[in-house]
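Please walk me through this structure in the viewer, stop by stop. Tell me what to select next and what is there.

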Amino acid sequence: MTKILEIKNLHVEVKGKEILKGINLTLDLGKINALMGPNGSGKSTLVNTVMGHPKYVVTKGKILFNGKDITKLSPDKRAKLGIFLSFQHPREISGVSVSKFLKTSEKELNPKFSFSEFKKNLKEKREILEISENMTERYLNVGFSGGEKKKNEILQMLILNPKLIILDETDSGLDIDSLKIIAKGVGEIMNKEKCILIITHYKRILEYIKPDKVFIMIKGKIVLEGGNKLAEELEKKGYGWIEKE
Amino acid sequence: METKLQKAYAMKNKEDLKFKSSEGLNEELVRKISKDKNEPEWMLKKRLDALRTFNEKPMPDWGPSLEGLNLSKIYYYMRPNAKNNARSWDEVPKDIKETFEKLGIPKAERKVLGGVGAQYESEVIYHNLKKDLEEKGVIFSDCDNGLKEHEEIFKKYFMTTCISPNLHKFAALHCAVWSGGTFIYVPKNVKVEIPLQAYFRMNSKKGGQFEHTLIIADEGSEIHYIEGCSAPQYTESSLHAGCVEIHVLKGARVRYSSIENWSKNTYNLNTKRAVVEEDGIIEWVNGNLGSHTTMLYPCSVLKGKNSKSDYIGIAYAGKGQYQDTGCKVYHLKEKTSSTVLSKGISVNGGVSSYRGLIKINPGAINSKSSVRCDGLMLDNKSKAMTFPSMDVHENQVEVSHEAAIGKVGEEDLFYLMSRGLPESEAIKLIVSGFIEPIIKALPLEYAVELNKLIELEIENSVC
Ligand SMILES: Nc1ncnc2c1ncn2[C@@H]1O[C@H](COP(=O)(O)OP(=O)(O)O)[C@@H](O)[C@H]1O
Ligand SMILES: [Mg+2]
């Protein structure tokens with residue numbers, strides 16, 4: 001099996017406070033992974049660190065992507081390698097339309113960028129996600145509902161076509177219809193050349209996007225690793241059960 | 001990376017002058033300017049009176065510091081060795097012609113303009129208006145000629161009811177040493193469909209430029225006039241103190257657009273004012289990118305009922321720059337309305353401030369004003385400020401004001417960078433979004449140019 005992401009003994013601080021306390025985690029190509037854990041356990045910290053957020057300081061350990069050490073790369077370079085993070089809280093950028101933004105990033109990521117291809121692709125991907133043309137002409141996330149923001153993240157994912165896809169609570173606060181659409185988008189992109197890491201509190205989305213592996217994080221550490229069944233058990237018993245063990 | 005346009009801005013020609021005053025200003029020089037131009041006695045008197053006012057008035061003690069401006073070191077009057085008001089570019093000296101070519105002026109003239117004036121140092125060296133406009137009675141010349149040929153109009157309108165020489169120290173200075181500039185008269189009900197443009201270029205070190213723009217749009221007429229300006233960079237300061245006077249008569253409409261891109265050693269102390277009669281409309285589009293220090297507050301005096309002023313302004317302050325700009329509107333009569341949209345960007349220690357005034361007089365019932373001024377700082381070293389004043393003396397009015405000062409945020413940058421944009425591209429995108437409301441309101445050619453200029457400035461300061 002090919003390892004796409006390897007996180008080795010990762011320690012991360014925010015504003016001088018240690019949040020991640022020695023994370024070891026390996027993701028394989030072609031697999032769907034779930035990361036679960038109580039609020040505040042450090043899941044977003046972990047994935048933001050993988051994406052290269054400057055606020056999260058790696059004090060020990062390293063991150064390898066396809067065998068290459070990326071611990072010190074800037075976020076844009078990581079994106080260029082094929083890492084994508086669907087944000088838990090996407091930012092609102094006034095005055096920049098979704099389509100302009102997508103065009104700008106697609107130009108950065110795709111050396112063979114062609115405008116007509118881009119337009120065609122955008123239309124196709126919009127239709128998969130049931131996003132109107134009107135919405136891609138609106139300013140990026142400005143005045144979007146929670147569901148629209150998440151759909152918009154998935155649209156970016158489909159357009160940019162990354163290798164490692166990280167979804168940070170993309171399902172939170174979605175109604176069942178939106179959830180299905182997002183699952184459809186993820187299903188569309190997934191193949192054996194890609195890898196997904198999905199952060200969620202709920203088993204619900206895992207019924208549509210079936211994980212091969214489930215990781216549980218508590219207080220900045222991965223405390224348990226298991227198969228698909230782990231998510232179900234968790235839903236039934238809650239995190240208290242693990243903490244007791 | 002230097003682009004073609006930046007090279008054009010920076011281009012320095014060898015000094016080739018018919019006349020160059022000595023440094024500083026005195027009565028003798030003012031008399032010489034007036035004599036060279038063969039002016040009527042009353043204009044000489046006006047200049048001399050203004051010189052006294054200039055000497056008496058104190059320097060402004062509010063706003064940016066003018067300490068670096070040594071008024072006794074400026075060359076106030078420089079006559080290029082070129083024909084005055086040539087009607088063909090072939091008659092313009094080669095190096096000067098090349099400068100304007102690189103700035104894109106003759107090309108724009110051929111493609112999108114109805115007429116062009118080009119000033120170099122103190123004099124207008126090229127002036128031309130399309131035949132059909134001339135036939136409709138439109139007058140487009142420099143002010144030196146305007147005064148010769150239309151003395152009565154000048155007596156009535158030149159620095160009288162619009163900008164008085166007593167307005168402030170630099171209006172007085174301007175009146176004493178003004179030279180060149182633009183005179184436009186649009187006859188009643190004539191609509192000039194394509195814009196007229198003037199371009200003011202300074203070339204010499206420690207130069208002063210004092211071009212005068214006088215526009216009279218007669219009843220029911222329409223005109224769009226564009227001004228561009230630039231100068232190459234020197235270490236010593238230079239001074240630009242122009243005046244723009246616009247008379248919008250009953251039911252007329254004037255759009256005045258300018259992008260000022262003075263070199264970063266220029267003190268740009270400019271005065272622009274429009275007097276708007278009943279049902280008239282003035283539209284200001286004001287871009288300030290260059291200069292060391294700019295103090296510029298285009299002003300609309302809404303004198304007739306139902307008259308209107310729209311202002312769009314954008315200022316960019318980079319390293320060592322202080323842009324102090326804003327719009328003033330006086331609502332004198334009922335049903336007058338004004339809008340102000342201003343965006344300031346500061347980077348690399350630059351300071352950009354919005355300083356504006358809305359004054360509504362008693363009796364100006366059913367008047368409306370809406371002001372929006374925003375500042376964006378691209379880093380921690382830079383500053384953005386707003387000083388909007390509202391002085392409302394009438395109850396039956398609608399006035400709104402919004403201001404927002406912000407910094408390019410780390411979280412926004414991270415979001416954009418996570419999609420593959422390098423930091424500089426991410427900043428550019430955020431800035432382009434910030435100025436989007438302004439770009440949207442501009443005609444296309446303009447929007448493209450302004451966007452380009454700002455992108456270049458950002459590239460130079462953050463890359
Ligand atoms: N930008 C930040 N500034 C300060 N504290 C932070 C920041 N990001 C995360 N933290 C802290 O780190 C801990 C983990 O947060 P987070 O990674 O968001 O957890 P999760 O995503 O698992 O809910 C929390 O205690 C949170 O307060
Ligand atoms: Mg989180």
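**Stop 1: a buried arginine**

Select Arg273(B). This is a predicted model. Arg273(B) is buried, yet has no salt bridge. Which side chain of opposite charge is nearest to Arg273(B)? It is Glu245(B), 8.2 Å away.

Now show the strand around the arginine. Arg273(B) sits in strand E15 of chain B, residues 271-276. Leave out residues up to four places away in sequence and display the contacts of Arg273(B). Among them are Cys162(B), Ile163(B) and Leu167(B). Val244(B), Glu245(B) and Ile246(B) also touch Arg273(B). So do Trp284(B), Cys299(B), Val301(B) and Tyr330(B).

**Stop 2**

**Stop 3: from E13 to E16**

Select Arg253(B) and Glu283(B). They form a salt bridge, with the closest N and O atoms 3.4 Å apart. Arg253(B) is in strand E13 (residues 253-261) of chain B, and Glu283(B) is in strand E16 (residues 281-288) of chain B. The two are 30 residues apart, and the pair links distant parts of the chain. Colour by accessibility here. Arg253(B) is partly exposed, with a relative accessible area of 34%. Glu283(B) is buried, at 13%.

**Stop 4: across the chains**

Select Arg91(A) and Asp412(B). How far apart are the closest N and O atoms of this salt bridge? They are 2.7 Å apart. The pair crosses between chains. On one side, Arg91(A) lies in the loop between strand E6 (83-86) and helix H3 (98-109) of chain A. On the other, Asp412(B) lies in helix H10 (residues 410-417) of chain B. Arg91(A) has a relative accessible area of 32%, so it is partly exposed. Asp412(B) has 16% and counts as buried, because the limit for buried is under 20%.

**Stop 5: a network**

Select Lys32(B), Asp36(B), Arg79(B) and Glu123(B) together. These residues are linked in a network of salt bridges. Over all chains, the count comes to 37 salt bridges.

**Stop 6: a buried loop serine**

Select Ser307(B). This residue lies in the loop between strand E18 (299-302) and strand E19 (308-317) of chain B. Is Ser307(B) buried or exposed? Its relative accessibility is 1%, so Ser307(B) counts as buried. Leave aside neighbours within four places in sequence and show what it contacts. Val276(B), Glu277(B), Asp279(B) and Gly280(B) are among its contacts. Leu302(B), Lys335(B), Thr336(B) and Ser337(B) are also in contact with Ser307(B).

**Stop 7**

Select Asp61(B), in the loop between helix H3 (41-56) and strand E2 (78-80) of chain B. Asp61(B) is exposed, with a relative accessible area of 73%. Draw a C-alpha to C-alpha distance to Gly344(B): 22 Å in space, across 283 residues of sequence.

Next, select Glu28(B) in helix H2 (residues 27-36) of chain B. Glu28(B) is exposed too, at 62% relative accessible area. Its C-alpha atom is separated by 21 Å from that of Ser238(B), 210 residues apart along the chain.

**Stop 8: a covered helix**

Move to chain A and select helix H1, residues 43-51. How many of its residues are buried? Nine of its nine residues are buried. They include Lys43(A), as well as Leu46(A), Val47(A) and Met51(A). Gly52(A) follows H1(A), and its phi is positive, near 100°.

**Stop 9: a helix pair**

Finish with helices H6 (residues 146-160) and H7 (residues 176-189) of chain A. Their axes are 10 Å apart, at an angle of about 10°. That makes H6(A) roughly parallel to H7(A). Show the side chains at the contact. H6(A) brings Lys150(A), Lys151(A), Ile154(A), Met157(A) and Leu158(A). H7(A) meets them with Ile181(A), Ile182(A), Gly185(A), Val186(A), Glu188(A) and Ile189(A). The residues of this contact divide into seven nonpolar, one polar and three charged.

Note on methods: Residues numbered from 1 in each chain as written. Chains lettered and ligands numbered in written order. Predicted model: local features only at pLDDT ≥ 70, side-chain atom pairs only at ≥ 80, totals over all residues. Heavy atoms only, no water. Axes fitted to C-alpha atoms, helices over the stretch in contact; angles between N-to-C directions. Helix = DSSP H or I, 4+ residues; strand = E, 2+ residues; numbered from the N terminus. Parallel < 35°, antiparallel > 145°, perpendicular 65-115°, else oblique. Contact = heavy atoms within 4.5 Å. Nonpolar A, V, L, I, M, F, W, Y, C, P; charged D, E, K, R; others polar. Buried < 20%, exposed > 50% of the residue type's maximum accessible area, 1.4 Å probe, protein only. Lys, Arg positive; Asp, Glu negative; His and termini not counted. Salt bridge = Lys/Arg side-chain N within 4 Å of Asp/Glu carboxyl O.
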